[in-house]
Protein chains: 2
Amino acid sequence: MTKIVIVGGVAGGASAAARARRLSENAEIIMFERGPFVSFANCGLPYHIGGEITDRSKLLLQTPASFRARFNVDVRVMSEVISIDRTNKSVTVTNLKDGSDYTEHYDYLLLSPGAAPFVPSIPGINNPLTHSLRNIPDMDKILQTLQVNNVEHATVVGGGFIGLEMMEAFTHLGIKTTLLELADQVMSPVDREMAGFVHSEIQAKGVDLRLGTALTAVEYVTDNYIATEEAGETIAHQHINGHLQLLLSNNQTLNTDMLIMAIGVRPETSLAEQAGLKLGTRGGIFTTPTMQTSDPFIYAVGDAVEQSDFVTGKASLVPLAGPANRQGRMAADNMLGGSASYQGTQGTAICKVFDLAVASTGKNERQLQQEAMQYEKVYVHSASHASYYPGAEIVSLKLLFSLTDGSILGAQAVGKDGVDKRIDVIAVAQRAGMTIEQLQHLELTYAPPYGSAKDVVNQAAFVANNILSGLTQPIHFHQLDELNNDQLLLDVRSPGELERVGFIDGSINIPVDQLRQRMAELPKDKEIIVICQVGLRGHVAQRQLVNRGYRARNLIGGYKTYAAATQ
Amino acid sequence: MTKIVIVGGVAGGASAAARARRLSENAEIIMFERGPFVSFANCGLPYHIGGEITDRSKLLLQTPASFRARFNVDVRVMSEVISIDRTNKSVTVTNLKDGSDYTEHYDYLLLSPGAAPFVPSIPGINNPLTHSLRNIPDMDKILQTLQVNNVEHATVVGGGFIGLEMMEAFTHLGIKTTLLELADQVMSPVDREMAGFVHSEIQAKGVDLRLGTALTAVEYVTDNYIATEEAGETIAHQHINGHLQLLLSNNQTLNTDMLIMAIGVRPETSLAEQAGLKLGTRGGIFTTPTMQTSDPFIYAVGDAVEQSDFVTGKASLVPLAGPANRQGRMAADNMLGGSASYQGTQGTAICKVFDLAVASTGKNERQLQQEAMQYEKVYVHSASHASYYPGAEIVSLKLLFSLTDGSILGAQAVGKDGVDKRIDVIAVAQRAGMTIEQLQHLELTYAPPYGSAKDVVNQAAFVANNILSGLTQPIHFHQLDELNNDQLLLDVRSPGELERVGFIDGSINIPVDQLRQRMAELPKDKEIIVICQVGLRGHVAQRQLVNRGYRARNLIGGYKTYAAATQ
Ligand SMILES: Cc1cc2nc3c(=O)[nH]c(=O)nc-3n(C[C@H](O)[C@H](O)[C@H](O)COP(=O)(O)OP(=O)(O)OC[C@H]3O[C@@H](n4cnc5c(N)ncnc54)[C@H](O)[C@@H]3O)c2cc1C
Ligand SMILES: Cc1cc2nc3c(=O)[nH]c(=O)nc-3n(C[C@H](O)[C@H](O)[C@H](O)COP(=O)(O)OP(=O)(O)OC[C@H]3O[C@@H](n4cnc5c(N)ncnc54)[C@H](O)[C@@H]3O)c2cc1C
Ligand SMILES: CC(C)(COP(=O)(O)OP(=O)(O)OC[C@H]1O[C@@H](n2cnc3c(N)ncnc32)[C@H](O)[C@@H]1OP(=O)(O)O)[C@@H](O)C(=O)NCCC(=O)NCCS
Ligand SMILES: CC(C)(COP(=O)(O)OP(=O)(O)OC[C@H]1O[C@@H](n2cnc3c(N)ncnc32)[C@H](O)[C@@H]1OP(=O)(O)O)[C@@H](O)C(=O)NCCC(=O)NCCS
């Protein structure tokens, strides 16, 4: 009889426990969780705070009792594993209810302790109005502060997905919100110009977005207010009643009623470290592809471990639920004699930001540059479904690929509809090792309510292949700053569009449909940079020019990409 | 200077013309279209009739004038190509406006004549109240009949996607509708049990659905009504004023005010045939993967040609816009010296049926049986996104795969949300040659509004791999009819569910969470057929039973699949 001990009872741990039981009735399975809850929906927490998920109990997918009934798993909540004795194959557990310690033997140990919100030691940061969000108790504390402190203004530090979700939650609640982000963009998995669409959306929804701004100090100011028992208030109220004075890196100050720290998470490695398990280069627990740590009797999964990046093969930290769930399942297989092997993480991710979705898979441009990897990129802005059918929305898609072998390096998309689908499609293609040549041939579902005869992804592939085949000479928005006297900007949109949408100073305007007639107006000795709204008419014009003996390049992604980059 | 002549000015033809011009300014391009319009959105026609697309002009993506301005293509509408002289490389064209004929030389000829609605020669079928729908004039005629004949009841013959879309359009207009379908199911790309979900939806929306019913005769009854000029009516009214008496294969009669024939389309091959071009085994124009016909100077694309089936490699007729568009683009490349090669058709398709989407890719079970191909199948019914986040809907997914090599043979899905995405994901995986083992590892976008940490597709892959690895012994709904005395039905749902949803007579009920305690109630000498709602709890129970030494099989897809099969 195999005895499996699991540390951590949520995504990775609970998935492993359930799978282990399905594999074996005989195994003894104990799952330790230091918090009061297991199997909760971490990802749903911001939405309960914001009020979209009204029923709190929906966040609790399993309880210790239901786990026992269905899976015969011995779930011990409020039980913190504080050390591992690898020689004797046992763990020491603190019962947090009474403070007592005991040891528990294991045949196999699975670590799925997750990652903890990183809160830097900013002066004054420890105060009753500052929270981070990882679990149900955190959520409850935030809800309590909202209730008791009469929050009119909230500040979120960090523009990652949890920060963005909290920003949206506060806004839904009618709370004026400031979002502070040290970088010059939110949502670091996508590149700056794609984040530009998100910035517009955030600002349009009335959020005070401050990029390039860090929090440097916090002062907790208790309000001059005495709780009264007649008003149904307890002494506890007094403690959290007040506001915060934030000092920012630009020396500005900001008064706020509540502060959320969401600048990122750090793998929980102290237990592993203390037990002498190997850590990786990025500070997570090292595992082999079978999820085995450096100790063959100890497995580790989820946010705490380093995952192999699908594109580069290098170690990476990807704190996402999909990998954690699937790794937990694999670890269970392997602890019970199987040989499941994790096949690398693309980092496929998505976040809802008000009406927008922003998603990505694979590497972004910044990362490719850091890795000194060669790449080319295209942008398309195509309708999520047939544009003549109601409800179509633009999907802005960026595709990164290799000019050498046509491999897909990464993709990013932003839009109000169909963003998840396009990134999923490309994630599958990337994982399967498809080239951008093959992407052209994808045969996707098409009827007017769902897609287009040439889907967004097909279009992106067409544009990419036109570059690959030399049909298109591309120019990118950031290269427009470096134009020389030998180059000339030609905007082929209609004059009305230029006026309405904006244009780049110094460009000549000849609408694409007049170009054939008016081509003589253009000098043959200059390279013509063709600009349109998204790149499609620019492509038509650029091909015309080249076929008539001009030198011409097409602004990939058009003015829309250019404008987003400055947003 | 290459002279390209194109027959047909819509999906394949217009795409080819546009691409050809982008490739070459010098080519002379003439596009003949016998109808009055080019580049129209065939797929949008039913939605304009139904009123969702209010603006008729939105259906006209390009006009002859816009084609000339943007692409310098000589578009000749109302011009029917009536013969091809391959020796002299010329076509004869009838100008339908004046009836005159002329010839036009070509260097390359592209045939994209499409497919025509097949209307069988049923007695009385030629009458002013019977229509089929292929193009704008057809749509206008239908709209006119609706206006003039005061249609209170409409009948649609054929449950393919055009028939279903017309049924929905009529229902939207408040017209009571009967749908006649000869087969025992609508939407033939999916299997009978998956169509069951669609049948429920159709009936729930008040349509009179008659499966297994053919139309055998039609009688046009003119109403006793005289048009009056005072009422603003013209003589034309008189002609189409009336109703139809339909005779059905079951000898019933049906009175209806309008009849739509939508039982399928046939490739338009007369021109090709007359010119001696090779036809394929399925009656479409034969082409090589470069879209070349048996004459190297004649290319053909779209609904008129036979496409190579992606799974079987055999010839197939797949009248869908995606392939037509992409083939048109490729033919243009190849006529201008390129070497683009079409890579087979999966038949990926989707149809909106009221609130449902029904979609498929690859082969269905019927086709696999016809091909005598070995296969296994799984069903899952999983939430389109995290079930705790508002708006989640069940996606019912069927996955067909090979037990020998794990290859993906086909997939079908039905549901109110996220159906297109799942079929797209599997279509990409199938095209890339991924196995069901690899499907488990797909890393798809996950945040509560968009998906689940284990996506529907992952779950289907898990179930499939459990069968492949021998962990699950499956039983399928149609095998429940053949149970013997050695087998016992065990329903592991809760008693309340059984009562609410229904159950299979003779099954024992032990809820999954009580199974461990009550297992002794079950006989060890019988094979236990475990039933739950979708198969998930059945899986948990079946594994428990097997691990405790019972013989047990899990009803794949659960009671939900079983019930859909009888719908
Ligand atoms: C607010 C929020 C929103 C999120 N949204 C998304 C999303 O939309 N999409 C997405 O993919 N991911 C999302 N995530 C991330 C996702 O939840 C994690 O990637 C996933 O839960 C990681 O699983 P895990 O098992 O590694 O860790 P966790 O799920 O964090 O579980 C680890 C558990 O281990 C316990 N533990 C740690 N140490 C010990 C110990 N020594 N003894 C006992 N117990 C211990 C902890 O208390 C914790 O409960 C979100 C996370 C949060 C917090
Ligand atoms: C109502 C309807 C809804 C549809 N919905 C969808 C959908 O949702 N999804 C999907 O994928 N597909 C759908 N389709 C199918 C899709 O429209 C076709 O697959 C596609 O248009 C085929 O392109 P094609 O170029 O081969 O033929 P067509 O687009 O039909 O174009 C052929 C043209 O050639 C002309 N022509 C034929 N012979 C001659 C001649 N001798 N001389 C001159 N002109 C000639 C015809 O008049 C016709 O206009 C739908 C079709 C219809 C009718
Ligand atoms: C309207 C019609 C003529 C358009 O043909 P088209 O110009 O080839 O198609 P699109 O407008 O989608 O443009 C695609 C081209 O733009 C390019 N493109 C798309 N987005 C781009 C972008 N953002 N930047 C640069 N190029 C872009 C593509 O690469 C492609 O060019 P290529 O073929 O040279 O590679 C043709 O599709 C048609 O007649 N459709 C109506 C009929 C029909 O399809 N019916 C069935 C469906 S309802
Ligand atoms: C709740 C929890 C314990 C469930 O674990 P689980 O039972 O492994 O997961 P699921 O309920 O999705 O079921 C998956 C199993 O059912 C099977 N299954 C799914 N649908 C099925 C169907 N229709 N028929 C048969 N089997 C099916 C799968 O094959 C899989 O079994 P396997 O692993 O033996 O192959 C775990 O996911 C959890 O704790 N989640 C909450 C925490 C979390 O994930 N947070 C991050 C996201 S918010």
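**Exercise 1. Determine how the residues of the shell around ligand 3 divide by class, and state which chains supply them.**

*Solution.* Step 1: the shell of this predicted model divides into 19 nonpolar, nine polar and four charged residues. Here Ala, Val, Leu, Ile, Met, Phe, Trp, Tyr, Cys and Pro count as nonpolar, Asp, Glu, Lys and Arg as charged, and the others, Gly among them, as polar.

Step 2: of the 32 residues around ligand 3, those that come nearest are His539(A), Arg19(B), Arg22(B), Ser39(B) and Arg329(B); a residue is near if one of its heavy atoms lies within 4 Å. Because residues from chains A and B surround ligand 3, the site is shared between chains.

Step 3: H1(B) gives the largest share of the shell, six residues. Helices (H or I, at least four residues) are DSSP runs, numbered from the N terminus.

Local features need pLDDT of at least 70 and side-chain atom pairs 80 or more, whereas totals for chains, interfaces and linings use all residues. Residues are numbered from 1 along each chain as its sequence is written, chains are lettered from A and ligands numbered from 1 in the order in which they are written, and side-chain values use heavy atoms, without hydrogens and water.

**Exercise 2. Identify which polar side-chain atoms approach the oxygen atoms of ligand 3.**

*Solution.* Step 1: on chain A, a side-chain N or O atom of His539(A) is 2.7 Å from an oxygen atom of ligand 3, and a polar side-chain atom of Gln459(A) lies 2.9 Å from an oxygen atom of the ligand.

Step 2: on chain B, the side chain of Ser39(B) places an N or O atom 2.8 Å from an oxygen atom of ligand 3.

Step 3: the protein covers 91% of the 970 Å² of accessible area (Shrake-Rupley method, 1.4 Å probe) that ligand 3 has on its own.

**Exercise 3. Characterise the interface of chain B and chain A by its buried area and salt bridges.**

*Solution.* Step 1: contact (heavy atoms within 4.5 Å) joins 84 residues of chain B to 84 residues of chain A.

Step 2: about 7,400 Å² is buried between the chains, with 58% given by carbon and sulfur atoms; buried area is the accessible area (1.4 Å probe) that two parts lose on being put together, summed over both. Arg70(B), Tyr388(B) and Glu443(B) supply 12% of the area that chain B buries against chain A, more than any other three residues.

Step 3: twelve salt bridges cross the interface, each a side-chain nitrogen of Lys or Arg within 4 Å of a carboxyl oxygen of Asp or Glu. Among the residues named in Step 2, Arg70(B) forms a salt bridge with Asp513(A), the closest N and O atoms being 2.8 Å apart.

Conventions
A polar contact is a pair of N or O atoms within 3.5 Å; within protein, one must be able to donate a hydrogen and the other to accept it, and residues adjacent in sequence count only if both atoms are side-chain atoms. Helices (H or I, at least four residues) and strands (E, at least two) are DSSP runs, numbered from the N terminus.
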